[in-house]
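Dear colleague,

I am handing over the structure below, and I would be glad if you kept it open while you read the notes that follow it.

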Amino acid sequence: MFRVGDKELAQIDKVLKTGRVFRYGGGQCDRFEARYSKYLNVKHVMMTASGTNSITAGLIGLQIGPGDEVIVPACTYMATAVAVLSVGAIPIIVDVDDTITIDPDAVEAAIGPQTRAVIPVHMWGLPCDMKKIMRIARKYKLSVVEDACQAVGGGYEGKMLGSIGHVGAFSFNFFKNMTCGEGGAVATNSKKAFHRIRCAIDCCGYYWKGRESWGEHFISNGARASEIEGAMMNAQMDRIKSMVNNLRRQKKRVLKETANTGLKPIRANSLDWEVGSNVMYTFDTKEQTNQFAQIMGCGITRNTGRHVYTDWDPIFKLKGAHHEALDPFKLKENRKCRKKYTMDMCARSLDILSRTASIGLHPDNDRAKISSLIKRIKAAAKEVGVAV
C-alpha cells in the first residue's frame with residue numbers, strides 16, 4: 001500500500017451516509033469501471049473481489065476449462081496457478097528469464113497438443129516481453145490472460161499492462177499500487193468474453209441489469225465488489241498516475257547513478273513504461289547476492305516463498321479441489337494433460353532468482369532519501385567486490 005488517507009475516508013463516508021453499499025444502484029463501482037476502462041484504453045472493465053477472482057473470470061471468459069493446459073511462470077504468486085485449476089484446467093510451469101518475467105522461448109518450447117492459453121505475469125511491476133508472447137500466441141492460436149495484479153499503472157511500449165492480451169487481470173489488495181484492502185478487476189476488448197466474465201463474477205447480475213443485456217447465464221461463485229470498494233478505488237485512481245511517474249523517475253535515477261559500480265541491473269523489457277517500484281540487481285554468485293542483501297536490508301527474489309513455484313504445496317500434492325470429483329488433476333478430460341511437477345523442473349529460474357536482489361522504492365521518497373539510497377548501494381557494491 002502506497003497512499004491511503006482523507007480522500008478515501010471522504011468517499012467511503014459519502015457511501016455510508018447514502019446507505020447504498022450494494023454495487024447495483026450506488027454508482028461508485030460503475031464510475032470506477034468507466035474511469036479504469038478509459039485509463040487502460042479498453043472497452044470493458046468489471047471489478048471483482050480479488051486478483052485470483054480476476055484471473056479466474058478472465059480464463060472463464062476465454063472458455064478455458066477441462067482438457068486445457070495453461071502456461072504459467074515459475075515466479076508468480078500461487079494464485080496464478082490456482083486460477084487455472086479453479087476453471088478445471090492444468091497449469092504448466094515454465095522458466096522466467098533474466099527479466100524476472102516469463103521466458104517467451106520457454107513458453108514456445110512448452111506448448112503441447114492440449115495447450116490453450118498462457119498467463120504472462122508482470123511480476124513486481126516488471127513488464128513481460130509482450131511482443132514475443134503475442135507473436136507466439138498468434139502462431140499457436142493461444143489465448144493470453146495478462147496477470148497485471150502486481151503491475152497496476154504500468155505499461156509496455158506505450159500500452160497499459162492488462163490491455164495487450166485478450167484479457168487483463170488486476171488485484172487491488174493491501175500490497176498493490178492501488179488498493180481497497182482486497183479486490184480486483186478484469187479488462188477486455190471482447191464483448192463475447194466480457195459477457196462470460198460478468199457471469200463468472202456475478203451469476204445473479206441479470207436480476208439488476210436485465211436478462212437480455214447480461215449475456216450468458218451459468219452458475220459461478222460470487223466475486224462482486226461493494227460500493228465501499230468502488231468508492232475507495234475512485235480515490236485511488238486520483239493518485240496512481242503521479243505515484244507511478246514518481247517511482248519511474250526514482251528508478252531511472254538510481255540506475256543512472258549506479259551504472260558505473262559494476263552492479264548488473266536486470267534486463268528491462270520496457271523501462272520507460274514499467275511501474276518502477278523495484279530496483280533489481282543480478283550477481284554472479286549467490287554469496288555476493290546474500291552479502292549485498294544483508295548490507296542493504298533488502299530482499300532476494302528467490303526468498304519470497306509463495307512467489308516461487310517450489311512453495312506451491314497444493315500443486316505438488318496434486319490437490320486441485322476440495323473434492324475428488326471436482327479435482328482437475330483427476331478429471332478424465334485432463335488425462336492427456338501433463339501433470340508432473342518436480343522441485344528442479346525450473347532450475348534455471350531458481351538460479352536467476354537466487355542471484356537477484358530487490359530494493360523496493362516508494363512514491364513518497366524525496367531526492368535526499370534517494371541520494372542516501374544511492375550512496376548505500378555504491379558502498380554495498382564495493383563491499384561485495386563488484387565495484388569498478
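Just after helix 1, G19 takes a positive phi of about 80°, where helices are DSSP runs of H or I with at least four residues, numbered from the N terminus. Please keep in mind that this is a predicted model, in which local features need pLDDT of at least 70 and side-chain atom pairs count only at pLDDT 80 or more, while totals for chains, interfaces and linings use all residues. Residues are numbered from 1 along each chain as its sequence is written, and side-chain values use heavy atoms, with hydrogens and water left out.

Which residues of helix 1 are buried? They are E8, Q11, I12 and V15, buried meaning under 20% relative accessible area and exposed over 50%, with a 1.4 Å probe and protein chains only. These residues cover an arc of only 95° around the axis, which puts them on the same side of helix 1; the arc is that of the directions from the helix axis to the C-beta atoms. On the other side, D6, L9 and K17 are exposed. The buried residues pack against helix 2 (28-40) and helix 10 (227-257), contact meaning heavy atoms within 4.5 Å.

With kind regards

Technical notes. Helices (H or I, at least four residues) and strands (E, at least two) are DSSP runs, numbered from the N terminus.
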